[in-house]
Amino acid sequence: MIHPRPFRHPLAAAFQRAVDSFCAALSPGTTRHYRGTVCNFLTYLGAHHPQVKRLDQLSRDPHILGWMAHLRTQTPPLATGSYINLLIALRSILNELAWTHQRAELAHLILRLDLPRAPHRLPRPLTAEQDQLLQQEFRRRNDLGGNVFLLLRHTGMRIGECIDLSLECLRSTGPRQWAIHVPLGKLQTERMVPVDTFVCELVQRLRFFRSLDPLPADKWLLARSGTKDALVRQFRDYLHQVCHSLGLPTNIVPHQMRHTYATEMLRSGISFPVLMKLLGHADPEMTMRYLDVALTDLEREFHLARQHPRHLPPQPKTPPLAHAGLDAIRDSLAAAQHAMEMFRRSLPNGDLKVRLNRLVNRLTKILAQIRKLKNT
């Protein structure tokens, strides 16, 4: 819970105006994050540096660096991503204050080097078995929650976007062609997602469930008896119960339906720009995370193919020696070099592969020396 004391801080009014100015075009959730960050910082400042009452008294050391150290000593510890988000939010507000109060030094209180490297997190698509079991169970239940999660799985929508779908979200785009209009979402973008007849049936079922709901008719596809957050929690609880009944991990979350959809699209051969549009990403780097998953699949399949080849021509066997003397030694070394190189290529990166590469290089040099001896 946010403590009210920061709003009695002498700097509260200036920071509040900066937040209002900076967040004018941002979503309510993002605005709350900026207000919470300011509250956190001013709470620390009031408790540890009560003498600071003007913007010109703010300094990097000890005020900003002290706050950073304070964040890192919290219990339980802040996740790296949360720590980065707090620093970025306060830096943005300080930049706004630097501009509005003509105090350039405020823009340099938090530096880029203060931000730790963000953890590289790959998307978490469902395994093939989990995906199959969940879809079968959703179809068997054929209730509101089951149809919602099937819709998420086959469109790649975020749970918040699905809850914001209008009753008329299904649009005809041509003869026997349909798309779902996804409203403004997390990144303040809207998009059209092409769908097949199965998804059209899902939307019709959800409309039927909406018609049975005792709540008054409105523009939403999913009825809301309370807040949007409450409906999100309701569907999260539903997924938790389904996973528990199937013996699946109960930490599976709705967003994994989106990851599974995106990974499936990539494996099916969809292009990068098209996937970016389907997911509603504004930054290509967000879509690149799904390419990481596809490349992981590619590497695994490559090594499996090398270990258990099915369509490769048989490797030539070492020919019998047809020569004697120096020619026989040359042919034997050439055959050994070829066998080592073929084996080396099938190995994963590691110490053995490096050692074999060195040995192959040495044999190459020895063969070159033998050719020189024959020519003298």
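1. The lining of the second largest pocket comprises 10 nonpolar, four polar and three charged residues (Ala, Val, Leu, Ile, Met, Phe, Trp, Tyr, Cys and Pro count as nonpolar, Asp, Glu, Lys and Arg as charged, and the others, Gly among them, as polar). The model is predicted: local features need pLDDT of at least 70, side-chain atom pairs count only at pLDDT 80 or more, and totals for chains, interfaces and linings use all residues. Residues are numbered from 1 along each chain as its sequence is written, and side-chain values use heavy atoms, with hydrogens and water left out.

2. This second largest pocket has a volume of about 210 Å³ (a pocket is an open set of points on a 1 Å grid over the protein atoms alone, where a 1.4 Å probe fits, with protein on both sides within 12 Å along at least five of seven lines; lining residues have an atom within 4 Å of a point; the volume is the space filled by probe spheres set on the points, which are joined across faces, edges and corners). Of its 17 lining residues, Leu-144, Asp-213, Ala-223, Leu-231 and Gln-234 are the closest to the centre.

3. Three strands form an open sheet in the order β1-β2-β3, with antiparallel pairing (strands are DSSP runs of E, at least two residues, numbered from the N terminus; two strands pair if DSSP finds at least two bridges between them). Because β1 (170-174) and β3 are at the edges with a single partner strand each, one side of each has no neighbour in the sheet.

Key. Helix = DSSP H or I, 4+ residues; strand = E, 2+ residues; numbered from the N terminus.
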